[in-house]
Amino acid sequence: MILEMSGIQKSFGGLEVLKDISLEVDSGEVVSVIGPSGSGKSTLLRCATFLETIDAGEIRYMGKPAAATGSQGKAVYVSHSELNEVKRYFGLVFQQFNLFPHFSVLRNIMDAPVFVQKRPKEEVHAEAMELLRKMNLENRADAYPCQLSGGQQQRVAIARALALKPSILFFDEPTSALDPELTGEVLKVIRQLAEEKMTMVVVTHEMPFARAVSNRVIFMDRGVIVEQGDPEEVFGNPKQERTVQFLRNYQR
Amino acid sequence: MKKHSSMRRTFAVLLIIGLVSAMFMALPVFAGSDGTEKSAQTIFGLEDLEGKIVGVQTGTTGDIYISDDAELKLKGVERYNTGFEAVQALSQNKIDAVVIDDQPAQAFVAQMNGLTILDTEYVKEDYAMAVQKGNTELLGKLNEAIAALQENGTLQTIVDYYIDHSGEGYSSPKGAEHPNGKLVMATNAEFPPYEYYDDNNEIVGIDADLAMAIGDYLGYEVEISDMKFDSIITSVATGKAQFGMAGLTVTEEREQSIDFTNPYYTGKQVVIVRKSAGAQRETIIDRFKRNFVQAGRWKMLLSGLGVTLVITLFSTLFGVLIGFVVAIIRSTHDKTGGLRILNIIAQVYTTVIRGTPTVVQLLIIYYVVFASVNIPKIIVAVIAFSMNSGAYISEIIRSGIMSIDEGQFEAGRSLGFNYAQTMRYFILPQALKNVIPALGNEFITLLKETSISGYIAINDMTKVGDVIRSRTYDAFMPLVTVALVYLLLVFIFARLWGVLEGRLRRNG
């Protein structure tokens, strides 16, 4: 198992956003998380990537614990250095890309491998150029983010996350901030990664994409996982009334 | 195209500066022919002062007596920083009379047209030296020296020289030795003939020479420190100066803070009023020469400019450093909840600095914080202005940090950078770029704010302008020149800063 989350609880000022959620992701799996806004799917992803701290529950990456429920029922995180170890296993792609506007495309990609992972610059540079080729952006290496379209920026952000060689890559609504005609180029890249057996968790509103690319679809609503399974099952033959309702609204 | 339009803008601004200066230059033609011709003398005795406004120098005995004097039935008392300012106001019809010490009154009346001294003196008074309370050893020595110098005629030689312009005056005997160290004399060198700057930029006068003679007699080197009149007593009381000598009259109020020696001279407070007389005309060029060329006064102005620039540059440097640290402490607390104690200190610091006047901060740092420490005044000023500007800069930088999207912090963290690294590599560079215009503005503010350095007797550009004014009896020329130099400095700086801004903007 690459990621194991169990019994995750998270509230914001009395509002329960995640109610006892459990999620496991195995190597090579592509998991899509769908659901109405406010269902807690983004929060789940932010908890998995430690941008939010969980109130209770357990998180493990590659079997290594990151947080566990302590004696008082509250989640206790491991030490700073242990957490940094665990952080190496995942990468994150944001809805708003969050590229560093004052750095070139190449520097955006190379900074973390060189400064955080302390890998040799030449090696990282070669890898970064290879990633840019894969993203079809090899001629934009010296451009600044503001000179790129939203779709191009998001592809740079994916390259930046991949440069750290994560075992699992999270996407937080990767196409929601894009114009409709630009979503295709980003989805194509994710599809390509899926074919290469990259382990991924994608929070998305793109239903056809989720159905076509993922091995498993999770439908969340009001802080719980309502239904999950094979995409053909969930989309073609939903078991839960809430799922049926949600998918019907989406098809209109 | 773009270059062309920016050149045109520079030209337009220079044109405006030129026009403004020309306007100022033209102004004295009207101001110069001030009311002196129209107003005939209306005050002939103390009884005529009823219903009039009288000017005095703040903190002088004239001020003290006249403020308590109900018999005169004055309309009001105007207090000025120097006697010269009061006399100038009188000649410009702003007030009706000036109460001032007899000797400087004679000097002023001799220099300026249309003024006269009333025959009846206002009050008689004894001048003495001030020493720190309880310093009986020094008090005894000074009394002994005064007695001896009165005895051997030295005092009379000095008085003759400065008042009757006769004789050679006093100069230290050849081979005079000062084995006992140094005495600092606090004075206000705008009070001829007691103490004033001569054409060689040295402080001379009855008090100055007598102090030197006393020093020679007692074996001390005397260093004269020029300051505002109302700072002299404080300086002596806090031990910044060993004695004060500035035509100081013995009053009960003063005796509560310091001790007085036996009087060395008896002076009179007299009343200066206007009489009818034609104002003297002078061409602009003569006036310019008199203010800046004569006695090489432009050199003073230049050194004042240097002092202003040194204080401003160093204060900006340290201000930015302080601002940086405080801004990072405060935003780290806001973002992560850490650094609680430091955050409280930083908040108190910004609140106090932003909540009190800069002049008060400067005076507190000089007279309270460094009261008993011997430290160059320029360093005191740099400390005060750095602390002051640091508080404002910290808020500027903090607003820059807060303006950066939260996603940038999250991106940094998700890539494995810790908080400090994220701050340093990703947040601060962007934040700084956003606040460049505001930082330039703060520098301009600071440059002009340093003009209060004169409060602790630093000869910055403003103070030099004021010193020139006190010597040439011309307010217009030195003050407008100083104003134009500030304007030019700000203009040049704003242009340079604009170039920097443009360059940063182009770099994405």
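Me: At what angle do helix H13 (residues 358–369) and helix H14 (residues 377–402) of chain B pack?
Reply: This is a predicted model, with local features needing pLDDT of at least 70 and side-chain atom pairs pLDDT 80 or more, while totals for chains, interfaces and linings use all residues. Residues are numbered from 1 along each chain as written, chains are lettered from A and ligands numbered from 1 in written order, and side-chain values use heavy atoms, without hydrogens or water. Helices here are DSSP runs (H or I, at least four residues), numbered from the N terminus. With axes (lines fitted to C-alpha atoms over the stretch in contact, angles 0 to 180 degrees between N-to-C directions) 9 Å apart, H13(B) and H14(B) pack at about 135 degrees.

Me: Which residues of H13(B) make the contact with H14(B)?
Reply: H14(B) brings Lys377(B), Val380(B), Ala381(B), Ile383(B), Ala384(B), Phe385(B), Met387(B) and Asn388(B) to the contact (heavy atoms within 4.5 Å). From H13(B) come Thr358(B), Gln361(B), Leu362(B), Ile365(B) and Tyr366(B).

Me: Is Gly323(B) buried or exposed?
Reply: Gly323(B) sits in helix H11 (residues 297–336) of chain B. Leaving aside neighbours within four places in sequence, Gly323(B) is in contact with Gly390(B), Ile393(B), Ser394(B) and Ile397(B). Its relative accessible area is 0%, and the cut-offs are under 20% for buried and over 50% for exposed (1.4 Å probe, protein chains only), so Gly323(B) is buried.

Me: How far apart are the C-alpha atoms of Gly323(B) and Ile396(B)?
Reply: Gly323(B) and Ile396(B) are 73 residues apart along the chain. Their C-alpha atoms, though, are separated by 8.3 Å.

Key
Helices (H or I, at least four residues) and strands (E, at least two) are DSSP runs, numbered from the N terminus.
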